[in-house]
Amino acid sequence: MLQVHVTLAGPNQIKVSWITSSPSTQSRVDYGTTPGVYDRFGVGNADSYSFLLYKSGYVHNVVLGPLEANTVYFYRCGGNGTEYSFKTPPYETPITFAIAGEFIVRIIHALMLNLIVRNLHWFFV
């Protein structure tokens, strides 16, 4: 199991995603509010993709919920394995997200390239 990710999937839901190399791994997440005690579960799906010579692993996605606000949940992916945890947000408080990623880096690179091109004649003096 590789790259386990947890994202908000709604006001009281979390999506758990992970990658495996085997199509036989269950797209199932067992979870609960006590470590090692999984009294709930969610079932999802798995997909893979390919591009030219590349073939991805199997990307599993499972939505869990409804969940209680401001609560720690313990979970494991695929029906067994390592235990992970997450804490749900306090839903009564508005939540604002700011996301920065590769897009910002590309903008900075584009601005730098533009600056270099505008001043290119300086490099050939």
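View 1. Leucine 52 is exposed, with a relative accessible area of 77%, where exposed means over 50%, buried under 20% and partly exposed in between, for a 1.4 Å probe and protein chains only. This is a predicted model, in which local features need pLDDT of at least 70 and side-chain atom pairs count only at pLDDT 80 or more, whereas totals for chains, interfaces and linings use all residues. Residues are numbered from 1 along each chain as its sequence is written, and side-chain values use heavy atoms, with hydrogens and water left out. Leucine 52 is found in the loop between β6 (50–51) and β7 (54–55), strands being DSSP runs of E with at least two residues, numbered from the N terminus. Although leucine 52 is not a glycine, its phi is positive, at about 50 degrees.

**View 2. The aromatic pair of tyrosine 49 and tyrosine 54.** A search of the whole structure finds five aromatic pairs, a pair being rings of Phe, Tyr and Trp (its six-membered ring) with centres within 6.5 Å, stacked if the planes are under 30 degrees apart, edge-to-face if over 60 and tilted for the rest. Tyrosine 49 and tyrosine 54 form a tilted pair, with 6.0 Å centre to centre and 50 degrees between the planes. Tyrosine 49 is partly exposed, with a relative accessible area of 49%, and tyrosine 54 is likewise partly exposed, at 46%.

**View 3. The stacked pair of tyrosine 73 and phenylalanine 86.** The ring centres of tyrosine 73 and phenylalanine 86 lie 5.6 Å apart with the planes at 25 degrees, so the pair is stacked. This pair links distant parts of the chain, since tyrosine 73 is in strand β9 and phenylalanine 86 is in strand β10 (residues 84–87), 13 residues apart. Both tyrosine 73 and phenylalanine 86 are buried, and ring pairs link Tyr31, Tyr73, Tyr75, Tyr84 and Phe86 into a cluster.

**View 4. The largest nonpolar core.** The largest nonpolar core has 12 residues in all, among them Ile14, Trp18, Leu64, Tyr73 and Phe86; such a core is a set of buried Ala, Val, Leu, Ile, Met, Phe, Trp, Tyr and Cys residues joined through side-chain atoms within 4.5 Å. At least two residues of this core come from each of β2 (13–20), β3 (28–32), β8 (58–64) and β9 (72–77).

**View 5. The loop between β8 and β9.** Proline 66 lies in the loop between β8 and β9, and the peptide bond from glycine 65 to proline 66 is cis, with omega near 5 degrees. Asparagine 70 is found in the loop between β8 and β9 and has a positive phi of about 55 degrees although it is not a glycine.

Methods:
Helix = DSSP H or I, 4+ residues; strand = E, 2+ residues; numbered from the N terminus.
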